[in-house]
Amino acid sequence: MKSLLIAAGGGGDAITATLVHAALHGADAPALVLTYAWERLVVDPVPGPRGRADFTGTVPAGDQLRLITPRSAPRPPAGSSLPRLAADLRPELGLLDPYEGTPGLAAQIGEAVTHCGADRIVVVDVGGDVVTDGTEPTLRSPLADALVLAACARLGTPAEVYVAGPGLDNEVPAELLLPRLGAPAFALEAADTEPVGAVFDWHPSEASALLVAAARGVRGVCGTRDSERPITLTSDAAHVHRLTLEDALRLNPLARALADAADLAEAEEASRQVCGFSEIERERRRALALREENADGTGAATAARAEGAPEGRRAPEGLWDRFLDWERTTFRLGLSHVTSRRIREELRLGLDAFQRLRAQLMAASPARDAAPLWRLHGG
């Protein structure tokens with residue numbers, strides 16, 4: 001028997017689901033984590049989620065459920081971090097395909113229940129937008145989580161919802177979430193983070209990185225990419241809260257509105273009605289803007305970041321001085337820590353260039369290492 005977990009929001013939630021599973025059952029206990037291939041444009045330049053037809057090399061685990069393996073690959077021009085995650089994480093990964101709406105997701109989850117021999121589903125979200133009421137002004141991506149709640153309710157298999165690191169995704173502030181979540185069920189500890197130790201060398205998830213750092217005892221004010229609100233890491237940031245599926249549905253009006261959404265287009269329209277926006281439409285607009293920038297040559301840096309390639313116009317020998325100048329400026333903003341992704345995006349570094357900088361930081365100044373975050377020096 002395998003434990004069945006659902007990474008409710010896709011992206012880094014599969015990493016957090018692995019952490020929660022390790023805390024509950026041990027890192028070596030068999031598990032299947034269902035997750036969306038729904039990633040930011042820096043990873044996947046195609047707006048919206050990817051379905052099972054968008055991958056090669058998947059393994060059938062039912063009529064509709066597909067497992068992602070290290071040999072799977074997205075069909076161009078799409079991109080996905082899931083095949084590499086499948087290589088780095090111990091649980092199996094299964095693909096959530098939302099294009100057939102809530103009934104289709106429920107069928108896939110039902111096939112996963114059979115595949116695992118599970119009698120219970122564990123839904124995992126890092127940050128807490130799985131219990132959004134849809135009115136928070138900083139809300140950005142409620143649809144994936146709400147679809148999972150609606151599908152689990154439709155399926156009827158017993159399920160519970162775990163929210164890890166309230167507020168760490170910089171969407172719904174912790175002060176709004178904590179009254180909804182109640183007392184924490186447990187706190188993640190440093191030992192629970194061992195199964196994901198190497199993932200943050202390459203994966204861009206910030207919320208999961210903050211959660212791991214909090215579990216390892218990192219404390220301070222951390223800056224994430226393109227957000228004016230920093231995250232303060234306290235002991236509360238490592239807490240995991242448990243809710244019943246019924247309570248999560250009561251708190252999330254979008255999930256209730258999605259009960260009969262027949263396809264992704266209907267789900268998108270429900271999001272417009274409940275939350276006032278469609279995150280997929282926002283992705284379409286951003287993707288169009290990036291294409292226009294690339295067409296006139298100003299988007300070269302974005303394209304290089306998306307490919308994880310070094311940017312040749314940046315001289316490697318000047319990288320250290322550029323970092324020091326950037327670090328002093330960033331420290332004066334009141335930040336004690338930053339994510340790797342913020343360094344990469346603000347210094348406009350491809351993955352290879354960042355790895356060179358990382359090696360130099362580790363060798364010259366080990367005190368900056370607060371893995372998977374970086375401690376800033378203000379001198």
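The protein chain has 14 helices and 16 strands, taken as DSSP runs numbered from the N terminus (helices H or I, at least four residues; strands E, at least two).

Reader: What sort of model is this, and how are the residues numbered?

Author: This is a predicted model, in which local features need pLDDT of at least 70 and side-chain atom pairs count only at pLDDT 80 or more, while totals for chains, interfaces and linings use all residues. Residues are numbered from 1 along each chain as its sequence is written, and side-chain values use heavy atoms, with hydrogens and water left out.

Reader: How much of the protein chain is buried?

Author: Of the 379 residues, 55% count as buried. Buried means under 20% relative accessible area, exposed over 50%, and partly exposed in between (1.4 Å probe, protein chains only).

Reader: On to the sheet. What is the strand order?

Author: Nine strands form an open sheet in the order β4-β5-β7-β2-β1-β8-β9-β13-β10, with mixed pairing. Two strands pair if DSSP finds at least two bridges between them. β4 (59–60) and β10 (186–187) stand at the edges with a single partner strand each, so one side of each has no neighbour in the sheet.

Reader: Which strands does β1 pair with?

Author: β1 runs parallel to β2 (residues 31–36), joined by five bridges, and parallel to β8 (residues 121–126), joined by four bridges. Ile 6 has Leu 34 as its bridge partner in β2 and Val 123 as its bridge partner in β8. Leu 4 stands opposite Ile 121 in β8.

Reader: What are the partners of β9?

Author: β9 pairs with β8 in the parallel sense over six bridges, and with β13 (residues 239–244) in the antiparallel sense over five bridges. Val 163 is the bridge partner of Asp 125, and Val 163 also stands opposite His 241 in β13. The chain crosses from β8 to β9 through α4, and this β-α-β crossover is right-handed.

Reader: What about α4 itself, how does its span come out?

Author: Helix α4 (residues 143–155) has 13 residues and should span 18 Å at 1.5 Å a residue; its end C-alpha atoms are 18 Å apart, which agrees. The expected span is 1.5 Å times one less than the number of residues. Ten of the 13 residues are buried, so α4 is largely enclosed by the rest of the structure. Among the buried ones are Leu 143, Asp 145 and Cys 152. Just after α4, Gly 156 takes a positive phi of about 90 degrees.

Reader: Which residues have the most contacts inside the largest nonpolar core?

Author: Leu 4, Ile 6, Leu 34, Ile 121, Leu 143 and Leu 258 do, in a core of 53 residues. The largest share of this core, nine residues, comes from α4. A second, separate core of 48 residues includes Ala 31, Leu 95, Ala 164 and Phe 186. A nonpolar core is a set of buried Ala, Val, Leu, Ile, Met, Phe, Trp, Tyr and Cys residues joined through side-chain atoms within 4.5 Å.

Reader: Last one. Where is Ala 257, and what does Ala 257 touch?

Author: Ala 257 is in helix α8 (residues 253–257) and counts as partly exposed at 42% relative accessibility. Ala 257 touches Ala 270 and Val 274, not counting residues up to four places away in sequence; contact means heavy atoms within 4.5 Å.

Methods: A crossover is right-handed if, with the strands pointing away from the viewer, the path from the first strand over the helix to the second runs clockwise.
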